[in-house]
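Good morning, colleagues. Please turn to the sequence and the structure that are now displayed, and I shall go through a few of their features.

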Amino acid sequence: MSSKSQNCDLPIHIMEPEPERKRRSVASKLNIARGEPPAFKETASIQEIKRDLRKIREYARDNIASLVGELEINVAKKYPGVKISSARDAAQAAQYIARAGEGTMAVSVNNSAVITQEIRPELINRGFSVSSPYASEYEIGAERVRDYWGLPHLLEKGIAPNFGVSRKLFGLDHTGEAAPVKDYLAVLGVNAISADDGTVFFVQHFHNILRDLQEAKKVFLVVGLDKIAKSREDAAFVAECIGIFGMESMLLGLRPKDKTATGQEAAPLSNITNRELHLIILDNGRSKVIESKFRDLFLCIGCAACNQHCPIRFSFDVDYNWTPRVYLGHYLRGTGNSLDRCLHCQACRVDCPLELDLPSMMWQAKMDRNQPRKLRQKLLGTPELLAKLGSAAGPVANRLVRSKIIRIPMEKITGIDRRANLPKFHARTFRKWFKDNG
Ligand code: SF4
Ligand code: SF4
């Protein structure tokens with residue numbers, strides 16, 4: 001292996017869902033080869049995993065300046081062939097990609113939030129042709145999981161999905177698999193990175209990330225500040241959590257294959273021999289978040305679990321993976337005008353592995369902009385009163401809320417999606433039942 005390729009050999013680990021036995025065997029092989037402990041103790045409960053995750057994320061939030069410094073120094077020292085840079089905001093990152101891309105205008109991106117909501121709009125503004133192969137990777141004819149009642153509810157059943165490192169790459173000179181290099185740029189948001197040694201982690205559900213790493217002539221890894229963890233072990237742990245807690249949201253987001261989408265398949269072959277690997281450390285408001293009253297948002301790992309039971313998620317016609325976290329993020333960044341559709345039902349807080357109190361943060365953000373509560377928010381913000389009224393009206397209330405004629409105006413007044421599954425009111429309350437049954 002040439003010294004040049006060694007200089008570019010940044011370790012890139014790809015985590016994928018896989019059967020338990022395979023995961024264990026791959027993990028044990030990796031441990032023998034690399035002396036790495038597995039990300040999770042096999043016996044850890046979900047509560048323990050959440051507790052450890054919070055610890056790792058709080059450490060990162062409280063030490064982010066030194067972690068960024070360590071990452072920059074360590075990558076520059078160990079992998080001088082990797083071109084490392086920092087971007088204050090998404091526009092600056094896009095400007096860097098345009099300059100380093102040297103006229104190549106075809107870009108393939110992954111599905112991470114930092115790319116779909118921060119970098120991609122800036123690339124489009126600059127005239128790049130951006131494709132997302134994620135959307136055309138899987139062959140399904142129709143949406144399989146339409147709403148949360150169709151989900152397998154793995155965590156509630158005590159069955160955590162398995163994610164493990166299935167591929168270990170070393171920079172872009174890893175293959176020996178003779179993948180043809182193509183004439184396009186890949187811009188990929190990483191899921192976690194270790195400040196100690198620069199190991200990058202991706203969570204991959206299909207093959208889009210691996211293909212881009214193998215085929216693009218220049219690869220830009222975008223690292224939001226919130227993706228940096230202290231050690232390789234911590235970064236692996238965070239990435240595994242993204243896989244585990246985000247698995248069911250991923251199922252909700254599956255759409256039929258977009259047959260019109262052209263990804264990197266259509267890109268012409270490139271005769272370039274020196275592929276380039278760039279690492280862009282992106283702030284884009286993250287350090288300001290740490291200094292603000294919303295500092296806990298920095299703990300977010302971007303798993304999208306907050307989306308699972310959110311009753312308003314169908315109300316947004318957007319071309320990215322909408323989540324309550326994203327909704328709040330847009331508002332705080334000034335790219336979203338309102339948070340009025342939120343019903344403050346708390347479902348997102350319950351589903352979040354870090355128990356981030358997004359509903360309260362939404363109130364706070366609105367109060368900061370002096371937006372008084374509307375009637376519907378006052379109504380829906382008092383669920384106890386609604387429950388008492390619904391219980392008193394019993395079967396009549398149930399019939400009404402299930403009638404299509406009522407659901408349309410109800411959606412307009414309350415913001416509750418007409419397709420949402422609503423709880424049933426019972427005339428006999430739990431208190432009454434408990435009293436009668438001792
Ligand atoms: S509190 Fe708001 S954002 Fe969170 S689940 Fe409920 S409606 Fe959705
Ligand atoms: S806020 Fe949402 S995306 Fe962030 S960690 Fe919690 S569940 Fe995951």
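For what follows, Ala, Val, Leu, Ile, Met, Phe, Trp, Tyr, Cys and Pro count as nonpolar, Asp, Glu, Lys and Arg as charged, and the others, Gly among them, as polar. By that division, the shell around ligand 2 holds 11 nonpolar, 2 polar and 2 charged residues. This is a predicted model, in which local features need pLDDT of at least 70 and side-chain atom pairs count only at pLDDT 80 or more, while totals for chains, interfaces and linings use all residues. Residues are numbered from 1 along each chain as its sequence is written, and chains are lettered from A and ligands numbered from 1 in the order in which they are written.

A residue is near a ligand if its C-beta atom, placed from the backbone, lies within 6 Å of it. Of the 15 residues around ligand 2, those that come nearest are C300, C303, A305, C306 and C352.

Ligand 1 is surrounded by 13 residues, the closest being C310, P324, C342, C345 and C348. Two or more residues of this shell come from each of helix 11 (347-351) and helix 12 (358-368); helices are DSSP runs of H or I, at least four residues, and strands are runs of E, at least two, numbered from the N terminus. The shell around ligand 1 comprises 11 nonpolar residues, 2 polar and no charged.

Lastly, the chain as a whole has 16 helices and 11 strands. Of its 438 residues, 38% count as buried, that is, with 20 or more other C-beta atoms, placed from the backbone, within 10 Å of their own.

Methods: Buried ≥ 20, exposed ≤ 12 C-beta atoms within 10 Å, placed from the backbone.
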